Amino acid sequence: MKDLTTDPASIDWNGVIYKTILGPDESGGAMSIVDSLSPVGSGPPRHIHHAEDEVFVMITGSYRVWIAGRERIAGPGDSMFIPRGTEHTFKVVGDEPSRHLVILTPGGFEGFFADMAAGQYVIPRDMAAIGDAARRHNMSFTGPPLD
């Protein structure tokens with residue numbers, strides 16, 4: 001498996017590394033797959049994807065996952081399906097970064113990661129700009145990150 005931190009096709013948004021390994025242009029718009037490396041303690045505010053189903057496939061590290069009010073810990077080999085319209089969030093826990101695949105159906109949301117990396121926006125300071133990009137990518141924020 002390639003090192004995302006040195007892969008020239010990777011993008012970095014405040015220490016979270018993303019690489020689109022299958023884009024919607026390669027799947028007729030049906031899906032996209034993003035390889036991601038997230039540092040310990042990282043995770044987004046609670047949110048909803050209005051147009052995409054999302055699957056996380058854990059490779060390394062552990063997540064504390066919150067999906068529609070239910071929490072669990074997910075680690076290597078685990079996967080989580082999050083249907084569109086479902087409120088969710090996660091936080092990397094433990095002592096190692098989390099590498100995971102994010103599978104989105106249909107594809108297109110990976111553009112949000114590109115927007116965030118280009119602007120190097122910071123949560124919560126830049127939530128107005130982040131929220132604007134989220135709306136363009138059919139997502140809304142609904143609550144805080146996990147503590």
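Thr20 stands opposite Val34 in strand 3, and I would like to begin from that pair of residues, keeping in mind throughout that what we have here is a predicted model. The two strands concerned, strand 2 and strand 3, pair in the antiparallel sense over five bridges. On strand 2, which covers residues 16-22, there is also a pairing with strand 1, again in the antiparallel sense, and there the number of bridges is three.

Let me stay with strand 1 for a moment. The bridge partner of Asp12 in strand 2 is Ile17, while Trp13 has Val16 of strand 2 as its bridge partner. The hairpin formed by strand 1 and strand 2 has two residues between the strands, and in it Asn14 takes a positive phi near 50°.

If we now step back to the whole sheet, what is the order of its six strands? The sheet is open, its order is 1-2-3-10-5-8, and the pairing is antiparallel. At the edges we find strand 1, residues 11-13, and strand 8, residues 79-82, each of which pairs on one side only. From one strand to the next, the twist averages 25°. Helix 1, made of residues 110-119, packs on this sheet, where it touches strand 1, strand 2, strand 3 and strand 10, and its direction makes about 70° with that of strand 1.

That brings me to the aromatic residues, for which the count comes to eight aromatic pairs. One of them is formed by Phe56 and Phe90, an edge-to-face pair with 5.3 Å centre to centre and 65° between the planes. This pair links distant parts of the chain, since Phe56 belongs to strand 5 and Phe90 to strand 9, and the two are 34 residues apart.

Another pair is that of Phe109 and Phe112, which is stacked, with 5.2 Å centre to centre and 20° between the planes. Phe109 is buried, at a relative accessible area of 1%, and Phe112 also counts as buried, at 3% relative accessibility. Elsewhere, Arg46 lies over the face of Trp66, at 4.5 Å from the ring centre.

Which residues, then, touch the most other members of the largest nonpolar core? That core holds 25 residues, and the ones in question are Trp13, Phe56, Tyr63, Val65, Met80 and Phe112. At least two residues of the core are supplied by each of strand 2, strand 5, strand 6, strand 8, strand 9, strand 10, helix 1 and helix 2, with the largest share, four residues, coming from helix 1. To take Phe56 as an example, and leaving out residues up to four places away in sequence, its contacts include Tyr63, Met80, Phe90 and Leu101.

I will finish with some backbone details in the loops, where two cis peptide bonds deserve a look. One joins Thr105 and Pro106, with omega about -5°, and Pro106 lies in the loop between strand 10 and helix 1. Another joins Ile123 and Pro124, with omega about 5°, and Pro124 is placed in the loop between helix 1 and helix 2.

The loop between helix 1 and helix 2 also contains Gln120, whose phi is near 45°, a positive value in a residue other than glycine. Gln120 is partly exposed, with a relative accessible area of 32%. Asp126, found in that loop too, counts as buried at 17% relative accessibility, and, apart from its neighbours within four places in sequence, Asp126 is in contact with Gln120 and Tyr121.

With a relative accessible area of 36%, Asn138 is partly exposed.

Key: Residues are numbered from 1 along each chain as its sequence is written. This is a predicted model: local features need pLDDT of at least 70, side-chain atom pairs count only at pLDDT 80 or more; totals for chains, interfaces and linings use all residues. Side-chain values use heavy atoms; hydrogens and water are left out. Two strands pair if DSSP finds at least two bridges between them. Axes are lines fitted to C-alpha atoms, for helices over the stretch in contact, and angles run from 0 to 180 degrees between N-to-C directions. Contact means heavy atoms within 4.5 Å. Rings of Phe, Tyr and Trp (its six-membered ring) pair if their centres lie within 6.5 Å; planes under 30 degrees apart count as stacked, over 60 as edge-to-face and the rest as tilted. Buried means under 20% relative accessible area, exposed over 50%, partly exposed in between (1.4 Å probe, protein chains only). A charge sits over a ring if NZ of Lys or CZ of Arg is within 6 Å of the ring centre and within 35 degrees of the ring normal. A nonpolar core is a set of buried Ala, Val, Leu, Ile, Met, Phe, Trp, Tyr and Cys residues joined through side-chain atoms within 4.5 Å.
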